[in-house]
Amino acid sequence: MPITAREVVTEALYLSGWVSRQFQTPTGQQIHDGLRLLNEELMMKAVELDLKPYFTATNFTGIIGQEKYFIENLVEIETLTFVWANVRYPIFPKTREQYFGSPRVNTVLTLPNTRFVERCYGGSNVYLYPFPDRTYVFELVGKFSFQNVGLDTDLTAQFDQYYLTYLRYATAKRVCDFLNVDLSPSSRQQLEACERKITDVSPTDFSIRKTSVFKTSPAVVNLAYMNLGNGWTP
């Protein structure tokens with residue numbers, strides 16, 4: 001059954017106490033303000049990533065010799081890979097200092113194996129090194145910012161029922177902040193319960209990659225390594 005943004009906003013107005021469920025009908029201005037606050041709540045999920053459980057898979061085509069790629073609405077990358085000769089290759093993340101502050105040869109064209117992602121207006125820039133030597137199709141899994149919704153937008157096409165419940169309470173909290181009043185204790189408890197459960201849906205990945213100081217073979221990156229081995233070793 002479709003659930004529109006108007007229904008979510010109306011319920012949020014009731015939960016906030018701005019409109020009495022039994023005795024009042026929201027005015028056009030109240031609905032307008034509620035929709036704006038709902039869209040503000042959706043916008044904030046671009047930075048509150050632990051409260052955004054949805055991952056999206058997409059792809060983009062690399063250009064020979066090109067390092068930077070703009071991905072619209074991208075806010076976080078989970079994985080980035082590409083397939084060549086029936087083999088899937090991972091592209092490993094680097095910090096800003098590692099990517100931009102370490103020595104490298106800028107004339108090497110081969111299979112990319114490192115990446116750095118930088119948030120920017122409207123999305124993110126993805127940097128790849130070494131630069132692609134072919135038009136590889138890169139497969140990306142990550143989180144993307146939510147889009148604004150209209151009053152008649154069917155939210156069930158974008159969100160699960162549990163997330164719509166969360167949005168009702170979160171928007172009600174934002175309405176209360178707008179009015180400079182407190183959300184009721186029962187509604188606050190429901191909001192906090194929803195936040196805990198949503199965080200558990202896609203928890204933060206705390207896995208790490210350890211580099212041992214006791215190496216059995218050298219792993220020095222130099223000109224010979226890059227040009228003879230093309231950046232890859234068995």
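**Stop 1: helix H4**

Select H4: its 19 residues should span 27 Å at 1.5 Å a residue, and the end C-alpha atoms are 27 Å apart, which agrees. The expected span of a helix is 1.5 Å times one less than its number of residues. Helices (H or I, at least four residues) and strands (E, at least two) are DSSP runs, numbered from the N terminus.

This is a predicted model, in which local features need pLDDT of at least 70 and side-chain atom pairs count only at pLDDT 80 or more, while totals for chains, interfaces and linings use all residues. Residues are numbered from 1 along each chain as its sequence is written, and side-chain values use heavy atoms, with hydrogens and water left out.

Now colour the buried residues of H4: Tyr163, Leu164, Tyr166, Leu167, Arg168, Tyr169, Ala170, Thr171, Ala172, Val175 and Cys176. Buried means under 20% relative accessible area, exposed over 50%, and partly exposed in between (1.4 Å probe, protein chains only). Cys176 is buried, with a relative accessible area of 0%. Contact here means heavy atoms within 4.5 Å. Step past the end of H4 to Asn180, which has a positive phi near 60 degrees.

**Stop 2: helix H1**

Move to helix H1 (residues 5-16). At 1.5 Å a residue its 12 residues should span 16 Å, and the end C-alpha atoms are 16 Å apart, in agreement. Ala5, Val8, Val9, Thr10, Ala12, Leu13, Leu15 and Ser16 are its buried residues. Their cover includes helix H2 (28-44), helix H4 (161-179) and helix H5 (185-201). Just after H1, select Gly17, where phi is positive at about 90 degrees.

**Stop 3: helix H2 and Ile31**

H2 has 17 residues and reaches 24 Å from first C-alpha to last, close to the 24 Å expected at 1.5 Å a residue. Its buried residues are Gln30, Ile31, Asp33, Gly34, Leu35, Leu37, Leu38, Asn39, Glu41 and Leu42. H1 and H4 are among what covers them.

Within H2, centre the view on Ile31. Is this residue buried or exposed? Ile31 is buried, at a relative accessible area of 8%. Leaving out residues up to four places away in sequence, Ile31 touches Arg6, Val9, Thr10, Leu13, Pro26 and Leu151. To check a distance, pick the C-alpha atoms of Ile31 and Ala12: they are 19 residues apart along the chain and separated by 10.0 Å.

**Stop 4: the second largest pocket**

Select Ala46, Asn73, Leu74, Val75, Arg119, Cys120, Tyr121, Gly122, Gly123 and Ser145, which line the second largest pocket. Strand S3 (74-84) and strand S7 (114-120) are the elements that give two or more residues to this lining. The pocket has a volume of about 180 Å³.

Rolling a probe the size of a water molecule over the atoms shows where empty space is left. On a 1 Å grid over the protein atoms alone, a pocket is an open set of points where a 1.4 Å probe fits, with protein on both sides within 12 Å along at least five of seven lines; lining residues have an atom within 4 Å of a point. Grid points are joined across faces, edges and corners, and a volume is the space filled by probe spheres set on the points.

The lining divides into five nonpolar, four polar and one charged residue. Ala, Val, Leu, Ile, Met, Phe, Trp, Tyr, Cys and Pro count as nonpolar, Asp, Glu, Lys and Arg as charged, and the others, Gly among them, as polar. Cys120 is partly exposed, at 27% relative accessibility. The structure holds zero disulfides, a disulfide being a pair of cysteine sulfur atoms within 2.5 Å.

**Stop 5: backbone exceptions**

Most residues other than glycine have a negative phi, and most peptide bonds are trans. Asn73, in the loop between strand S2 (68-72) and S3, has a positive phi of about 70 degrees. Asn73 is partly exposed, with a relative accessible area of 22%.

Finish at the cis peptide bond that joins Tyr129 and Pro130, with omega about -5 degrees. Pro130 lies in the loop between strand S8 (123-129) and strand S9 (131-132).
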